[in-house]
Amino acid sequence: MTAPWRLVLLAAALIVLVPSVWHVAAALPPFGHPSAQYGPAINAILPAARHVTNMVAAVNFDVRGFDTLGEECMLVCAVTGAVVLLRGARGERDEARAGHVPGRAVLARSDATVLVCRITATLTLLFGVYMALHGTVTPGGGFQGGVVAASSFMLLYLGEGYRAWRRIIRGRAMDALEGGGAFLFAVAAAVPLVIGRPALTNVLPFGQLKDLFSGGLMVVVNFCIFLSVTGSFGLLLLEFMEETRSPAEDSVPDEADR
Amino acid sequence: MSIFPWLVPAWLFAIGIYGIVTSRHYVHLIGCLTVCQSATYVLLLSIGYAWGAGPPIFYDHPPSTPAVDPVMQALVLTDIVVGAAVTALLLVIAIQVHKRRGTLDPQRLRPLRPDQ
Amino acid sequence: MSALIVAALALAALTGLLIVLTRDPKRQIFALAANGLALGALFFVLQAPDVALSEIAVNTAVTPLLFVAAMAAVAINEMRR
Amino acid sequence: MLLPVAVLLPLGVATLLLVCAHLLPSRVSTMAAIVTALTVAAICVLLARAALAGPLVHWFGGWTPATSGRPDVVLGISLMADPASAAVAAFTCLMFAASFVFAWGYFDEVHSHFEVLMLLFLAALVGFCLTHDMFNLFVWFELMSVAAFALTAYPLGKSSLEGAFNFTITNALGSFMMLAGVGLLYARTGTLDFTTMARVVTAHGADPVLSGGFCLVAAALLTKGAIVPFHLWLSDAHAVAPSPVSVIFSGIMVSAALFVLAKIAMQIFAHDPPVMALVRNLLLWLGLATAIVGGAMAYAQRHLKRLLAFSTIAHLGIMLTAVSAASPRGMAALLLYMFGHGLVKGTLFMLAGVLLALRASADEIVLYRKGRDLLPAGIAMTFAGLMLGGLPVGLMHQATDILDELSPAMMTAAIVASALTGAAVLRAAARIFFGVSGAPGPEMTAPTERERERDERPLWLMLLPCAALLAMALAQGAAIDRFIGFAAPRLIDPAADASAPVAAHSSPTSYLPIALTLVLALLSAVRRRPVRPFPRSLVRLELFPFRALRFLHSGLVADYVAWMIVGFAILAGMLSWS
């Protein structure tokens with residue numbers, strides 16, 4: 001199909017969809033007046049039932065924790081897939097140097113840059129941990145904290161350069177964090193089964209409202225997610241940066257028998 | 001006017017599709033896919049929004065104050081992180097395609113049709 | 001409807017359009033980051049600070065970074081050919 | 001208590017394998033994967049047996065409906081095993097176990113990442129079948145997709161990467177649609193639990209928001225289930241994925257999507273007139289169209305895995321017509337067909353994998369006579385081709401007998417798809433293993449590629465799972481009839497206590513598919529190159545429809561997405577006009 005015809009086809013389909021979309025939009029509960037009772041019920045029940053203040057975290061880590069386990073595994077799955085696809089072609093050597101496009105000047109890092117990067121990297125990492133720790137109390141949680149913590153690794157790259165960075169951030173450590181976090185989550189979900197309660201039952205003490213470690217099992221789940229997300233995104237960034245290093249003699253497997 | 005928030009997701013989805021259909025670069029196409037994805041986030045959060053309600057976090061105000069729907073937020077929250085990972089997976093595929101074919105133009109990349 | 005919400009929605013819709021219309025993938029990365037910010041702002045306005053944090057951390061920081069890395073990898077490949 | 005274990009166990013083993021990836025020899029992780037798959041299969045069989053007495057429900061975190069203290073508000077997520085869902089989950093695990101055995105040693109070099117991805121895939125499929133919560137369904141749908149994307153691109157060849165890219169884009173769009181649909185359903189019903197949602201839907205009746213939500217969810221599931229015009233991604237992905245993965249894709253992943261579509265339509269929307277009208281009419285015609293398009297495309301392929309991929313599309317069309325019956329007998333036909341087709345198609349993909357490993361090609365014309373010393377594989381392939389073509393034994397045939405009785409359109413779909421795909425497989429088998437071949441017809445100009453798979457495995461190890469699957473596909477008997485008859489009504493209403501009659505009367509029409517298959521296969525075996533003008537123009541006339549179809553299957557992701565939107569517009573248009 002040529003491009004104009006494809007556009008005509010798409011336009012026709014979209015025009016057919018316009019009245020349907022309008023129909024649905026007009027019939028939806030008016031914006032700002034939701035009719036669903038699920039959310040309000042959560043807001044009413046959970047603070048007293050679980051001693052936490054962040055309802056989003058309560059939904060994610062307790063009431064709908066099973067969803068989060070699935071999502072967590074999805075993250076692991078996507079990252080594992082990405083890693084397999086990158087490493088499969090490249091192998092696992094880590095001696096190469098950073099890639100460089102000719103004609104672009106390489107500026108030596110000043111001491112100030114190194115210092116600033118070290119400081120900001122530490123601060124970012126701490127901020128990530130802080131965000132994750134306060135997940136059940138204030139906005140934040142393992143997901144956001146993990147992403148922030150992982151991005152601090154990138155600041156290390158900026159400050160320390162490729163080689164030093166590779167020495168600090170190890171692929172295997174990231175693997176272990178990623179898989180380990182998700183594994184602990186699955187185990188934490190299964191443990192209540194052993195004592196005859198439904199999976200993911202919150203059997204730990206709930207703690208005090210507004211306290212850092214309130215929410216019982218939620219704290220554990222939150223921590224597992226933090227580990228796993230840090231590992232996943234760290235690994236992802238690591239493998240992507242590997243792709244930009246100087247390609248030594250990358251083998252392209254399916255060219256071999258052609 | 002109260003229909004406007006529902007039209008924004010439809011618009012985002014439609015232009016994302018338009019971008020995908022007309023794209024001539026895999027990486028650009030992946031960017032367009034994220035537009036389609038953001039449509040779902042906007043829709044879900046709009047569904048959960050309530051006038052005059054605060055965030056579903058009862059740290060500064062007592063638990064009895066009206067708050068927006070936390071369920072929709074929880075659904076979107078996890079999905080954003082996963083969405084990024086799927087985007088990464090697609091980018092990896094794009095990088096590998098480029099290594100083998102030297103191009104990222106979808107018009108020239110067709111599986112199992114080597115001579116086109 | 002509050003003007004703030006309308007403005008945030010419109011901004012999200014516009015930056016989305018920007019992503020699609022920026023055909024050069026290198027420049028599209030900026031559009032992506034802008035869209036991430038706009039969505040983050042929208043989510044804040046919609047009383048979803050958790051989601052907004054997640055959106056900003058992921059879609060204005062990490063995703064554009066991945067795009068940059070991917071484009072760099074593609075450029076290095078190009079050079080090799 | 002066993003119910004959550006069926007999902008948690010594979011997830012746990014997969015993540016544990018990821019942690020220990022560098023410590024374990026890969027054979028150990030393969031063993032672990034096989035044992036896990038078989039354990040979960042056993043759990044699911046137990047669940048299916050126990051569910052005969054009534055559905056089993058597990059509320060995660062103990063958040064039962066009562067904990068909300070409000071009517072029609074459900075806080076938690078539940079898994080629910082009705083006999084049919086548990087049986088499909090068990091079947092899934094069985095296919096995975098067979099695929100793991102088949103792939104023994106195939107994926108040695110990458111630190112058990114293959115097993116990790118496959119086990120996550122397994123967990124996702126089991127969760128997908130057993131879940132009773134709309135968003136949870138989406139989560140497993142997405143996990144299943146992500147695992148499938150990565151596994152498709154795994155060989156890192158040109159075609160597999162491009163196929164995986166098309167697959168990812170189309171199915172990611174599908175999952176966005178699903179999420180949006182879940183959002184719409186939630187906006188109207190205020191719940192995500194199937195049972196509660198069904199109650200609210202029944203109370204509301206016809207409502208544009210509910211119709212819109214169903215439409216979006218259905219579009220996603222039809223994309224996964226490869227129904228015309230959402231089907232274009234499938235032939236690219238299944239043809240280029242590693243053979244053990246294709247076994248899963250064609251054997252269970254796509255049909256599971258149709259199974260869940262049936263479950264959602266029946267359990268939630270049974271009392272929503274516009275949605276049910278859509279299911280009964282549009283899905284029937286889409287199914288018929290899918291059967292015809294898939295069958296014709298399969299017949300015109302020379303790349304064996306591509307041929308099988310299109311034949312999967314054709315047979316999915318048959319399954320969709322069974323869904324559209326929206327009755328216990330339709331569900332019985334769907335279940336029987338899912339199992340029968342999955343087993344046969346799994347076998348065929350394994351045989352294609354054998355050829356790729358030992359003869360370094362999957363092109364039936366390139367492989368002409370090259371399989372003469374692989375006689376057991378040839379016999380298995382011929383037999384599987386006959387089964388696909390409607391040999392009157394086994395699970396698939398029982399299902400088509402039911403469809404014959406249900407409606408003429410379903411019968412047509414079954415006959416056309418069986419005959420075309422069966423004949424195509426028989427033609428390939430005759431060419432490769434027995435050196436019997438006429439002049440190539442429309443398949444001559446079909447796309448093909450040179451590729452190979454690792455060949456260190458002994459032949460018997462690869463043929464063992466083939467034989468096992470083929471033997472299971474032959475199963476028939478009173479026990480199966482009784483179980484399916486029991487499971488089918490409970491798929492529509494988990495609280496039902498009726499039983500559907502499964503045995504169908506064998507009428508003369510039930511021999512029609514196999515007769516047609518044999519005629520078509522024979523025709524292609526005696527085909528000669530046309531010399532005189534009249535046969536030549538006849539051949540040109542024959543080629544025309546195949547060319548037109550091939551033109552639509554362009555391999556361009558832009559086309560695929562455009563057609564998806566067209567399909568979605570058809571669904572939405574039908575709903576808003578009716």
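The model is predicted, so local features need pLDDT of at least 70 and side-chain atom pairs count only at pLDDT 80 or more, while totals for chains, interfaces and linings use all residues. Residues are numbered from 1 along each chain as its sequence is written, chains are lettered from A and ligands numbered from 1 in the order in which they are written, and side-chain values use heavy atoms, with hydrogens and water left out.

The size of an interface is often given as the accessible area lost when the parts come together. For chain A and chain D the buried area is about 6100 Å², with carbon and sulfur atoms giving 74%; this is the accessible area (1.4 Å probe) that two parts lose on being put together, summed over both. On the side of chain A, the residues that lose the most area to chain D are A:Met1, A:Tyr38 and A:Phe66, together 12% of what that side buries.

Two salt bridges are found between chain A and chain D, a salt bridge being a side-chain nitrogen of Lys or Arg within 4 Å of a carboxyl oxygen of Asp or Glu. A salt bridge joins the side chains of A:Arg64 and D:Asp133, at 2.6 Å from N to O. Eleven residue pairs across the interface of chain A and chain D are in polar contact, both residues at pLDDT 80 or more. Such a contact is a pair of N or O atoms within 3.5 Å; within protein, one must be able to donate a hydrogen and the other to accept it, and residues adjacent in sequence count only if both atoms are side-chain atoms. Helices (H or I, at least four residues) and strands (E, at least two) are DSSP runs, numbered from the N terminus.

Chain C also meets chain A, through 24 residues of chain A and 19 residues of chain C. Here about 1800 Å² is buried, and carbon and sulfur atoms give 83% of that area. The count of salt bridges between chain A and chain C is zero, and three residue pairs are in polar contact, both at pLDDT 80 or more. Two or more residues each come to this side of chain A from helix H6 (142-168) and H8, and H8(A) gives the most, with six residues.

Chain A itself has eight helices and zero strands. Of its 258 residues, 57% count as buried, that is, under 20% relative accessible area, with exposed meaning over 50% and partly exposed in between (1.4 Å probe, protein chains only). Among contacts in chain A between residues at least 6 apart in sequence, 76% join residues at least 24 apart.

A:Val203 lies in the loop between helix H7 (171-194) and helix H8 (217-243) of chain A, and its 37% relative accessibility makes it partly exposed. In chain C, C:Phe30 sits in helix H2 (residues 25-45) and is exposed, at 63% relative accessible area. By contrast, D:Arg306 is buried, at 1%, and its side chain makes a polar contact with the side chain of D:Gln301 (3.3 Å).

Technical notes: Contact = heavy atoms within 4.5 Å.
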